[in-house]
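Biologist: I am new to this structure and would like to learn how to read its features one at a time. Could you take me through them slowly?

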Amino acid sequence: MVDMSGKMSSVTASAPGKCILFGEHAVVYGHPAVAVAIEQRINVKIKCNNSKSEDWKLDGLKFNPKKHPHIEAIRRRLWPAELGAPPLSIEISGQIPTASGLGSSAALSVAATAALRAARGRWFNNKTEDNSTEFWSEGFSSLIEDTDVHSIDQPSKSIRTGDNGRKIRHLSGKNAVDFDECALVAHAVEAIAQGGRASPMDSSTCSHGNVVVISDCIEQEIEWQYTRKLSTPEGEREWQIHTVSAPEDEVYLVIGNTGIHAPTSTQVEKVAKMLEKYPERMNEIETIGIIARRGIKSLLLGDYEAVGRAMSENQLMLQSIGVSSPELERLIQAAIPTSLGAKLTGAGGGGCMVALTRDPKATSEAIELAGGRTIISKFGANGLNLDEGHKALFWKI
Ligand code: MEV
């Protein structure tokens, strides 16, 4: 495979999965939530597809856009054939089970966005070495008003016009990749795949890593990153995204997988329909928000016992809005005696539960005995990484 510099090359990016400690579902309605990146990752490797065929390949087979809506939506935004982008071969690998609430689709979207951006590079409109967002001639950012990642008029909405769009310097590989852009594109494509309803929880955590707090206001004690906005079928939503370095402690996450696939879109829609029919049940959503806020305070204090208690309380509310399941409850009950707290994580209905524990071996064994498959992760992991292709360039506009 030969890139524009005449070298054989490929680009590989990876992003972590995540589990939600507090606030799933309520976050879709603007309430606070906390997610933690896990050690398990998704890797996306791209190569120029040198055969005469115009088809993209995915894991050796002809790419089917209907089967992979996230990749298709990213391709429309970053690698449009109508602007001359060449067909690619993509290989996807990793240790995050799909449709289980661990952010596999967000990790895939973040890693794919990073790989395509590295391979396409980015034009800048300044002569100096300042790569700040304001000098981008192309790309998506929450700080740039004149681009629109949600537009159906793709791909031109990533290309800035007038003086902003002057192509003066070009950088590819690592220098072109941006955490906010990867999170933003991943959020937009998650929204497309989830019927217009998606919080930025998964996309931001899989991009930035460690601990991400999403809130309806800018929180004082933690590092604010950006504002995310989305027009959902229920109205305009806005979230403030923060990153946190949680105080170090010997605590682990043990994730128990029920093995039951439960697509996020179905669960999110189920909650939306319930709230439409019984608007008074918004109280339960608000209670989840209150518990999450208490959990955030405990986390910042490094009080993991209180974090665990808040997780278990959050589970009672998730049960009440109907997104738990007998299989999840069985694994949660099995984990409780050896952990600080346990709850489902993600959209529920199946998928995974998570326990916060100081004894990962005992908690993992208990969950396995109850029929779950377990994954152990330390508390927090690195975010997006460009693993290969630091100088690659396959195509540019
Ligand atoms: C899915 O991991 C989390 C949900 O809150 C949906 C979302 O935030 O988009 C259920």
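Biologist: How many residues of domain 1 are in contact with domain 2, and how many of domain 2 with domain 1?

Modeller: Bear in mind that this is a predicted model. The chain is divided into domain 1, residues 10-245, and domain 2, residues 252-378, and the contact between them involves 36 residues of domain 1 and 44 residues of domain 2. Taken over C-alpha atoms, the centres of the two domains are separated by 26 Å.

Biologist: Which domains contribute to the lining of the largest pocket?

Modeller: Domain 1 and domain 2 each supply at least three residues to that lining. The largest pocket holds about 910 Å³ of space and is lined by 47 residues, with Ala99, Ser104, Ser105, Glu190 and Thr264 lying nearest its centre. Several elements give two or more residues to this lining, among them strand β1 (10-22) and the helices α2 (104-120), α3 (179-193) and α5 (264-277).

Biologist: How do the lining residues of the largest pocket divide into nonpolar, polar and charged?

Modeller: For the largest pocket, the lining consists of 20 nonpolar, 21 polar and six charged residues.

Biologist: What is the volume of the second largest pocket, and which strand gives the most to its lining?

Modeller: The space in the second largest pocket is about 400 Å³, and strand β9, residues 223-232, gives the most to its lining, with five residues.

Biologist: How should I read the order of strands in the open sheet?

Modeller: In general, the strands of a sheet pair through backbone hydrogen bonds, and the pairing may be parallel or antiparallel. Here, four strands form an open sheet in the order β12-β13-β11-β14, with antiparallel pairing. Strands β12 (341-345) and β14 (373-378) are the edge strands, each pairing on one side only, and from one strand to the next the twist averages 25 degrees.

Technical notes. Residues numbered from 1 in each chain as written. Predicted model: local features only at pLDDT ≥ 70, side-chain atom pairs only at ≥ 80, totals over all residues. Heavy atoms only, no water. 1 Å grid on protein atoms, 1.4 Å probe; cavity = no way out; pocket = protein on both sides within 12 Å on 5 of 7 lines; lining within 4 Å. Points joined across faces, edges and corners; volume = space filled by probe spheres on them. Nonpolar A, V, L, I, M, F, W, Y, C, P; charged D, E, K, R; others polar. Domains from an automatic or database assignment. Pairing = 2+ DSSP bridges. Axes fitted to C-alpha atoms, helices over the stretch in contact; angles between N-to-C directions. Contact = heavy atoms within 4.5 Å.
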